[in-house]
Amino acid sequence: MKFIVFSTSLLFSTMAMAADDYVAVDPSSIETISSTILLSVSYAIIVGLLIVYWGYMAYQTHKIRHRISTLEREVEL
Amino acid sequence: MKGENRISGSAQPHILNKGEPMLALAAIGISLWMVFFNTPVENQMGIIQKIFYFHVPAAYVMYLSWATCTVASVMYIIKNTDKFDILARSSAEIALLFGIMVMTTGPLWGKKAWGAYWVWDPRLTSAMVLTLIILSYVILRHMSGGEVIKKFSAALSIAGAAMIPLIHISVKIWRGQHPSVLGSGGLAPEMRQTLIVCMTGFTIVFIVFLKKRYRLESLRRRGDELTRLYHINQMNKQ
């Protein structure tokens, strides 16, 4: 989990720095770096939540399908 | 009895369902590309302003989900049909997901804009109240699936819907610190374009998630029904 959070933050930081616009905002200033970290964290939270929720739904659907198949057989017997 | 109990393939994954995650992924991917590579940095706030492109659509989807929940709740009270209750429960959970996004990204932006993670601004406070109402609804639904809880949570959803217009007009009525960019014409054309793309992307994500959650809830209820039938069969055998 920590790895996912870290790598997602890293990804967004890299994307932000790769953007041409970033250069225009004086990359050396601490203000810009702290803004980039906050921005990365925000996007990591949003994308992370979407992935986690999708995973939760996929897992629950798989589990319930398995339960239904088992119950169907049991009820038919 | 045998034929009645079959679920006619509803437990089997449909081939079209596999494309849905890809659609949601593409919507988010395009939105990210637009935000980071196709939108200029705002002059006053700098790069932190880019939170706006996901924060605003997340808030919009929270409203959309909760409005869907309210409409489905009203329909459930009128028609007393299970499908509306399933829709209400599914959309409420999605409203909570996007509510959490709004309530976490907002303070991160606020730290840079106002120097504090939280201020008791009318819009922030009313948005927090709505998120807490949604949370109460979701907790209530997890406690029990009884008829009384279904009706009570439907009423809670209708009461909570009053918060949506209140959040929207709170900036104008109480003149808080929260900016009101939408509708005021304060956005550059490139920024407006990116915001529209992100809004569309989030709407696609909402539809895909709602479909998936609705399917899960339907399957859950089918599973509960089969469990009940299974226990009746076991009792009859004894």
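**Briefing: helix packing and selected residues**

B:Asn80 is found in the loop between α3 and α4 of chain B; helices (H or I, at least four residues) and strands (E, at least two) are DSSP runs, numbered from the N terminus. This is a predicted model, in which local features need pLDDT of at least 70, side-chain atom pairs count only at pLDDT 80 or more, and totals for chains, interfaces and linings use all residues. Residues are numbered from 1 along each chain as its sequence is written, chains are lettered from A and ligands numbered from 1 in the order in which they are written, and side-chain values use heavy atoms, with hydrogens and water left out.

- The phi of B:Asn80 is near 55 degrees, a positive value in a residue other than glycine.
- Most residues other than glycine have a negative phi.
- B:Asn80 has a relative accessibility of 45% and so counts as partly exposed; buried means under 20% relative accessible area, exposed over 50%, and partly exposed in between (1.4 Å probe, protein chains only).

**α4(B) against α5(B)**

- In chain B, the axes of helix α4 (residues 82–113) and helix α5 (residues 122–143) come within 9 Å and cross at roughly 140 degrees. Axes are lines fitted to C-alpha atoms, for helices over the stretch in contact, and angles run from 0 to 180 degrees between N-to-C directions.
- α4(B) and α5(B) are therefore oblique to each other; angles under 35 degrees count as roughly parallel, over 145 as roughly antiparallel, 65 to 115 as roughly perpendicular and the rest as oblique.
- Their crossing is left-handed, a term for a near helix turned anticlockwise from the far one by less than a right angle, with clockwise being right-handed.
- Residues of α4(B) in this contact include B:Asp85, B:Arg89, B:Leu96 and B:Met103, and those of α5(B) include B:Leu124, B:Thr131, B:Tyr137 and B:His142. Contact means heavy atoms within 4.5 Å.
- By class, the contact of α4(B) with α5(B) has twelve nonpolar, three polar and four charged residues. Ala, Val, Leu, Ile, Met, Phe, Trp, Tyr, Cys and Pro count as nonpolar, Asp, Glu, Lys and Arg as charged, and the others, Gly among them, as polar.

**α3(B) against α5(B)**

- Helix α3 (residues 52–79) of chain B packs against α5(B) at an angle of about 50 degrees, with the axes 12 Å apart.
- α3(B) and α5(B) are therefore oblique to each other, and α3(B) passes α5(B) in a left-handed crossing.
- From α3(B), B:Met62, B:Tyr63, B:Trp66, B:Cys69 and B:Ser73 make the contact, and from α5(B), B:Leu130, B:Thr131, B:Ile133, B:Ile134 and B:Tyr137.
- The residues of this contact divide into eight nonpolar, two polar and no charged.

**Helix α8 of chain B**

- B:Ile196 lies in helix α8 (residues 189–237) of chain B and is exposed, with a relative accessible area of 52%.
- The C-alpha atoms of B:Ile196 and B:Ser31 are separated by 9.4 Å, the two residues being 165 apart along the chain.
- B:Ile204 is also found in α8 of chain B and counts as partly exposed at 28% relative accessibility.
- B:Ile204 touches B:Leu23 and B:Ala27, not counting residues up to four places away in sequence.
- B:Ile204 and B:Ala27 are 177 residues apart along the chain, and their C-alpha atoms are separated by 6.9 Å.

**Cysteines and chain A**

- The structure holds zero disulfides over all chains, a disulfide being a pair of cysteine sulfur atoms within 2.5 Å.
- B:Cys69 is buried, with a relative accessible area of 0%, and B:Cys198 counts as buried at 0% relative accessibility.
- Chain A has three helices and zero strands.
- Of the 77 residues of chain A, 40% count as buried.
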